[in-house]
Amino acid sequence: YLLNHYDIPELDEQRWRLRVHGSVQREVQLDLDRLRALPQVTRTVTMECAGNGRARLTPRPLSQPWLHEAIGNARWTGVLVDDVLAEAGVGEGAIEAVFTGADRGVEAGIEQSYQRSVDVDELRDTGALLAYELNGAPLPPQHGAPLRLVVPGWYGMTNVKWVTSIELVDEPFDGFQQSRSYRFRQSPDEPGEPVTRMHVRSLLIPPGMPDFFSRRRMVDRGEVELRGRAWSGVAPIDAVEVSTDDGRSWRSAELSPPDDPGAWTGFRFVWEAAAAGDTVLMCRATDAAGNRQPDEPDWNLGGYAVNAAHRVEVTVR
C-alpha cells in the first residue's frame, strides 16, 4: 500500500547525504556508497497504516478513508540503524533518535518536515533498518528513495521516508507528528496516548467472486478453502479462529510459520458450506501476549488501530 504524508520530494541520489548528528561522539554525513559498504541486512516486514480500517467507524474520522487495504508485506534490504549510529558514536545521554524526511508540508498551520522519533533501545531491539531496496529492486521514489526507515512491528507512520537526518536527543522529542498527531484520543482537547506498535489483527482473503455493487461474495456449496493473514507488533501470532456463522461459534485455523519475526502469519481453514443462503464469515487472531481482536472496534478521534474481527458477507449458492 502507499500513503505519503506530504508530496514525494525530488532528490538527487548523487548529491544526497544522510546527516547523523546531535548527541553523538562525532557528526557524520554518509552517502549511499558509504551505507552500502556497511553490513547488508534483508528483513521481511509487515507494515500497516495506523488508520487502516477507520472507514468502518461511526462517526467516521476525518482522514484517509481506509477499509482494509492499507497493509503490506515486503522484503526490505539495507543496513541496521544500530550500525549507522555506530558510525557517529551514540552519546552517553542519548535516549531517542529523531528521523527527518525530505517531504515538507503545512499541518495545523505549521510548516514542517515530516519527523518521528524512536527510542534508541527500541531501534536496536527491533532490528530497525534504513532500507535502500524493496523486494530485491532499488527503492522507488514513492516508497522513500533513496533511504527510508523500517521499524518491524510499528505502525507505518513511524517508518519515515526520504530520510535526510538522524538526530540523537537527550530528551523526548516533542515535534508535531509525535506530540499532537498519531495519538489515541476521544476528544481534541485531551493529550492522549501515543500510537506505537501494531495491534493484533487478521484478515480473510475473500472467497469466491464478488457481487459488483455490494461486494458480497458468491461461493458454491461444498468445500471452500478459506485463507488469510494475521500479524501483531507486540508478540508472535499464537492462534487464529474462524467463524462461518457470524460469530456464534469459532474453530481453530491452521497456521503457517512466518518468513521472518517481523512478517505476517498465514492461516488456512476448510469450510464445508453445506446449506445455501446468506452468512457472515469472520476471523480473529490472538498473539502470544494474550491480545485478541475484539468483535467490535474501539472508536477514537483519529481512527487509529482499528482491529476488530474481520467480517465477510457471503452467499452460498
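**Rings and charges**

Start with Arg36: its charged end sits over the ring of Tyr132, 5.2 Å from the ring's centre. A charge sits over a ring here if NZ of Lys or CZ of Arg is within 6 Å of the ring centre and within 35 degrees of the ring normal. Arg284 does this with Trp250, lying over the face at 3.9 Å from the ring centre.

Some ground rules. This is a predicted model, where local features need pLDDT of at least 70, side-chain atom pairs count only at pLDDT 80 or more, and totals for chains, interfaces and linings use all residues. Residues are numbered from 1 along each chain as its sequence is written, and side-chain values use heavy atoms, leaving out hydrogens and water.

Now, how many aromatic pairs does the structure hold? It holds 3. Rings of Phe, Tyr and Trp (its six-membered ring) pair if their centres lie within 6.5 Å; planes under 30 degrees apart are stacked, over 60 edge-to-face, the rest tilted.

Take Tyr1 and Trp66. Their ring centres are 6.0 Å apart and their planes stand at 90 degrees, so this pair is edge-to-face. Tyr1 is partly exposed at 29% relative accessible area. Trp66 is buried at 7%. The cut-offs: buried is under 20%, exposed over 50%, partly exposed in between (1.4 Å probe, protein chains only).

Next, Trp231 and Trp264. This pair is tilted, with 6.3 Å centre to centre and 45 degrees between the planes. Trp231 is buried, at 2%. Trp264 is partly exposed, at 22%.
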